[in-house]
Amino acid sequence: MSYLIKAATLSDGAVVDILIADGKIARVAPDIQESNSQIIEASGLRALSGLVDLHTHLREPGREDSETIASGSLAAVRGGYTALSAMANTSPVADTAGVVEQVFRLGQAAGLCDVFPIGAVTQGLLGEQLAEIGAMATSSAKVRIFSDDGKCVSNALVMRRALEYVKSFNGIIAQHAQEPTLTVDAQMNEGEISSQLGLKGWPAIAEEAIIARDILLAEHVGSRLHICHLTTAGGVELVRWAKSRGINVTAEVTPHHLLLTDESVLGYDAVFKVNPPLRTEADVHALRAGLADGTIDIVATDHAPHPSEDKDCEWQAAAFGMLGLETALSVLVSTMVETQMLDWAHLERVMSHNPARIAGYESHGHPISEGKTANLILVDPSAKRVIDRNKMASKSRNTPYDGLTLPAVVTHTFFNGALVHEVDRGAAK
Amino acid sequence: MSRILDSGDIDRALKRIAHEIIERNQGISDLLLLGIPTRGAILSERLARVISSIEGGIPSGTLDVTLHRDDLRLRPPRPLSPTSIPSIGIEGKIVVLVDDVLYSGRTIRAALDALGEIGRPKSVQLAVLVDRGHRELPIRADFVGKNIPTSASEKVSVLLQEIDGQDGVDIEAAK
Amino acid sequence: MNHLLSVNDLSKEAAISLLTTARELGVVSEGGHKKLPTLRGRSVVNLFFEDSTRTRISFESAAKRLSADVINFSAKGSSVSKGESLKDTAQTLQAMGADAVVIRHGASGAAQRLADSGWISASVINAGDGTHEHPTQALLDAFTIAEKLEISNFEFTGLRVGIVGDILHSRVARSNVLLLQKLGAQVTLIAPPTLIPVGVHSWGVDVNFDFDSAVGNLDVVMMLRIQSERMNELFFPSAREYSRSYGLDKLRLDRMTARSIVMHPGPMNRGLEISADSADSQKSVVLSQVKNGVLVRMAVLYQLLSGASSL
């Protein structure tokens, strides 16, 4: 099956036709004439490289009641993602070649997008013994990113060894920066709101102390460090400083930390309970500025599905995490594009090109051009939609945006040249 | 809306009631007045002054019946008014309850319940400024300022200087 | 008002109205009305996920004196300890037709969750949620202050109140700060810096780390209980050092002004945050707090349950 996309607008503003055939982008040119292809009228639509997420919790194996690799893949393509990175905190933990190969195979079987497993840094995410990082790297899943996400690799020696060990195959450690001794039973950002609500505070310093330490470790051992979900103004400063020194560090921010603040917690609705926590408005502005000036390299969803019983309860008893795949692009358009902090080309870089480059996902994250694998999406930037938690492709409903009107709808997603997601544009408006 | 009693009418009605109370009870020994807030309490004070000017001092107090009402679920919650029982107590006394308007009789039933919690008077009598009919309980007033036949949809308002800045009784037709 | 979850649910006028109602209920009670028919046929559930015999008995007594039916539901230690169970419990109570639920829970926000969730239509009264709030305690404290310092209109302008101790973990402190400020009082928090919340600058109170410098300038000294589990969490080096710096002992008691009073929400740790001398002194109004607790809770139940529609 071949597709001819007519009059799409590329991220640089050029209006072109795009011919997709045999899984590749066959031609990109103004006014292509080709009679054997399905025509997709894309006037007014943006064509972007398929989005790449480096931080996804798919819950399979172990918690298939909240998400499976198949349901997560469907959520992904609806949100414009053609590649996911499945975090290791499954049950069993993805700390062996066997588990990462299983995840990889399930992703292939679902067939909607690529699902690249992330391996655990330490056995059982316990932070003590290194997991079999080499075996995972050489497995059929070819793991390159290792993370204990959900938990911090808090022991400095373990972190140092992990950073050193992955150098042999150009791997990268993605750190969940959270000093555990400063965050025992912590529930939300420590500040004015936590003092009023009587919820145990989660200080910004608990994140920044680990970022600072790991930047220095990465410099010392000459390895690659990736900071997961940056949330604080201080953290942005630290990464900016590290980059100015030429340290090999990259950083991500989540859509929710670009939009929401700890004031969302005021009603104790646990849908806003997330790790790391929602911070202050000043932090949100610092994160947006950091993303705009290149200090923060990528946007990652930290898509974290939870069944309703883990959210429909008192705050303290609720699980951390929120959905992200189906709303990420819309939140970015709302917070960064409509505010003119990012143009479409920059948006495409932080949501597709940069994450693919960091992870080494070779068939993803290329500018739309002839000969590349046809992983691309069409977006209607003028469409609006009301987010409805009951209409999510995810098996869970814990989106913090329920009832909110957000801009931009992903109308088409192509994965390896196949049309894996399409919405009726009339219905989308 | 029309005014059915003016300030002079109210004064005259209270004077007549005062005399009737004294006459019925052959003086004021063992007698005390309890006004039902809000306006009944004010009428009770006025009545006590009138009786005092004729026969000498009479104990008077207030009895809030809100907590004994049976229609609390039918109305928004109302703030409580003070209850103050004269120091001689009500045990063995003749208690004259004073209220502004007698209508369904439910307020008076609540007042009788409230009194029962406090003690056992020798007898209880009832004085009201206006009796507008439509009783829902077997209750009648001993002393009435004016009987005003009304329809249930009409509204009777008693205005008193101490609260409303003027004296008068108005009746308003159904809206 | 459908619920009482936080002192923030009350305007100044509503708070004063509740306190005035409590005072009238006190007069009626002393007049011999041990039991009023006001809430006959209404059912009040005491839903206690944490042990607190005092608070439960106070609410139970208040409800019974208004002739409400009382059901005690102690959830501590049973299978209903957290999570989904709050929802299940709420739905059970809803099916039983509870008119009001008095909830005590270890998690901050549990009362609000119960009220907002749609699981239940009953009025919810927060009887202490985690380290968040305990609004009826603040009301009974304000009532007691007004009674002892003879402030009949509940206007506390110019009144100086010191709250001493574990502010960080105290729901009593949070509710009292909100209510006392609403009524016009000037509040000073007195504690070691470890027990003052980050973010306290947004509370509009004074903070003083030195009890000795503050004690002579207060009309009310409100002592908070130090929970034994704080001992091992590095908030202060030892119980003895805490007691020396922040306990209300005889020396500090003697430096208080003539008309000032000492309060404590109970139960007291004698010899830790308060010495026996101070606890038993003429200035101590602890027993009045207990008595007034019943009146204030009667007023709250009356306000929430007597009307057909909310104000």
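A nonpolar core is here a set of buried Ala, Val, Leu, Ile, Met, Phe, Trp, Tyr and Cys residues joined through side-chain atoms within 4.5 Å. In this predicted model, the largest such core comprises 96 residues, of which Phe146(A), Leu230(A), Leu291(A), Leu347(A), Met351(A) and Tyr361(A) touch the most other members. Helix 11 of chain A, spanning residues 344-359, gives the most to this core, contributing seven residues. At least three residues of the core come from each of two domains of chain A, namely domain 1 (3-47 + 372-428) and domain 2 (50-359).

When residues up to four places away in sequence are not counted, Phe146(A) touches Ile118(A), Gly119(A), Ala120(A) and Val121(A), together with Ile133(A), Met136(A) and Ala137(A), and also Val166(A), Phe169(A), Ile172(A), Ile173(A) and Ala174(A).

In chain C, four strands are arranged as an open sheet with parallel pairing, in the order 2-1-3-4. From one strand to the next, the twist averages 15 degrees. Strand 1 of chain C (residues 43-48) runs parallel to strand 2 of chain C and is joined to strand 2 by six bridges; across this pair, Leu47(C) stands opposite Phe73(C) of strand 2.

Key:
Residues are numbered from 1 along each chain as its sequence is written. Chains are lettered from A and ligands numbered from 1 in the order in which they are written. This is a predicted model: local features need pLDDT of at least 70, side-chain atom pairs count only at pLDDT 80 or more; totals for chains, interfaces and linings use all residues. Side-chain values use heavy atoms; hydrogens and water are left out. Two strands pair if DSSP finds at least two bridges between them. Helices (H or I, at least four residues) and strands (E, at least two) are DSSP runs, numbered from the N terminus. Axes are lines fitted to C-alpha atoms, for helices over the stretch in contact, and angles run from 0 to 180 degrees between N-to-C directions. Buried means under 20% relative accessible area, exposed over 50%, partly exposed in between (1.4 Å probe, protein chains only). Domain bounds come from an automatic or database domain assignment. Contact means heavy atoms within 4.5 Å.
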